[in-house]
Amino acid sequence: MISAMQGVLGLASGALVGFSLGLVGGGGSILAVPLMVYVVGVPDPHLAIGTSAIAVATNAAINLSIHARGGTVRWGCALTFAAAGIVGAFTGSIFGKMLDGQKLLALFALLMLVIAALMLKTRARVGLPDVRMDWSNMPAIVGLGLATGTLSGFFGIGGGFLIVPALMLATGMSILNAVSSSLVAVTAFGTTTAASYAWSGLISWELAGLFIVGGIAGGLIGSRSARHLAARRGALNIVFAAVIIAVALYMLARSLPPLLMHTP
């Protein structure tokens with residue numbers, strides 16, 4: 001059972017997660033996991049990861065429907081990428097549950113900093129209009145989908161912050177198309193990871209429900225904001241990277257001291 005205060009914090013945290021998913025197609029679990037651990041007060045990182053996975057997958061599906069109505073989803077690329085990633089997500093989740101929770105959070109934060117640097121490096125790129133999947137980009141889509149899915153499952157995340165740059169690298173599409181298309185894979189990866197954690201009894205269904213309700217409102221605002229920012233060259237990339245860096249540094253500050261204390 002969760003307290004009334006935890007319920008309020010869960011709703012507010014869910015709104016932030018939904019806003020991030022709608023705005024940049026990522027940040028669901030990257031924000032949800034630390035929010036559940038440090039704000040709502042979930043004591044077990046693995047329980048936080050499992051709960052965030054089901055909440056993020058549901059919110060991503062809702063945000064996907066919003067972006068799809070705007071015609072910015074590249075379905076061929078997105079579905080192929082997601083199909084390849086599901087295999088990796090299931091495998092990664094098995095190994096992720098074997099690792100100490102604090103180590104998982106610290107590695108997660110370091111990966112986020114690498115992704116942020118890559119996004120800032122490509123912030124001025126416009127992207128190719130009307131990208132389609134063909135034989136020239138299929139190997140990259142499948143390969144990066146498999147790799148991203150594995151990392152997504154290992155860290156227990158929907159993977160949007162990994163999927164967006166991976167789709168841009170594989171196809172050359174714009175960041176708005178990548179943000180929209182990434183939600184297909186975020187939904188698929190999150191559902192796969194959540195199923196694995198649910199099997200192990202590592203999901204708080206009550207808290208997941210509160211995150212989903214809050215995320216619906218946040219997602220509507222985030223999706224509208226994404227369209228405005230995408231019109232300004234590089235602005236969405238900068239916002240995307242800034243959010244990742246801020247959360248990564250906070251996670252490192254919280255997860256490293258316990259690890260250092262236990263180092264012989």
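Me: Which residues does S93 touch, leaving out those up to four places away in sequence, and what makes something a contact?
Reply: S93 touches G153, F154, T193, S196 and Y197, with residues up to four places away in sequence left out. A contact means heavy atoms within 4.5 Å. By the way, this is a predicted model, where local features need pLDDT of at least 70 and side-chain atom pairs count only at pLDDT 80 or more, while totals for chains, interfaces and linings use all residues. Residues are numbered from 1 along each chain as its sequence is written, and side-chain values use heavy atoms, with hydrogens and water left out.

Me: Why is S93 called buried?
Reply: Buried means under 20% relative accessible area (exposed is over 50%, partly exposed is in between, with a 1.4 Å probe and protein chains only). S93 comes out at 0%, so S93 is buried. S93 lies in helix α4 (residues 75-96).

Me: What makes a stretch a helix here, and how many helices and strands are in the protein chain?
Reply: Helices are DSSP runs of H or I with at least four residues, strands are runs of E with at least two, and both are numbered from the N terminus. The protein chain has ten helices and zero strands, so read along the sequence the pattern is α-α-α-α-α-α-α-α-α-α.

Me: What makes F81 count as buried, and which residues does F81 touch?
Reply: F81 has 0% relative accessibility, so F81 counts as buried. F81 also sits in helix α4. Not counting residues up to four places away in sequence, F81 touches I141, L144, G145, T148, I163, A166, L167, A185 and F189. Take I141: F81 and I141 are 60 residues apart in sequence, yet 5.5 Å apart in space, C-alpha to C-alpha.

Me: Which residues of α6 and α7 meet?
Reply: From α6 there are A140, I141, L144, T148, L151 and S152, and they meet L162, I163, A166, L169, A170 and T171 in α7. By class, that contact has nine nonpolar, three polar and no charged residues.

Me: What makes H46 buried?
Reply: The relative accessible area of H46 is 13%, so H46 is buried. H46 lies in helix α3 (residues 45-69) and touches residues including G96, D100, Y197 and L202. H46 and Q102 are 56 residues apart in sequence and 9.7 Å apart in space, C-alpha to C-alpha.

Me: How do you know that N177 is buried?
Reply: N177 has 8% relative accessibility, so N177 counts as buried. Its place is in helix α8 (residues 175-199). Not counting residues up to four places away in sequence, N177 touches T72 and R74.

Me: What share of the whole protein chain counts as buried?
Reply: Of its 264 residues, 55% count as buried. Among contacts with a separation of 6 or more, residues 24 or more positions apart account for 85%.

Note on methods
Nonpolar A, V, L, I, M, F, W, Y, C, P; charged D, E, K, R; others polar.
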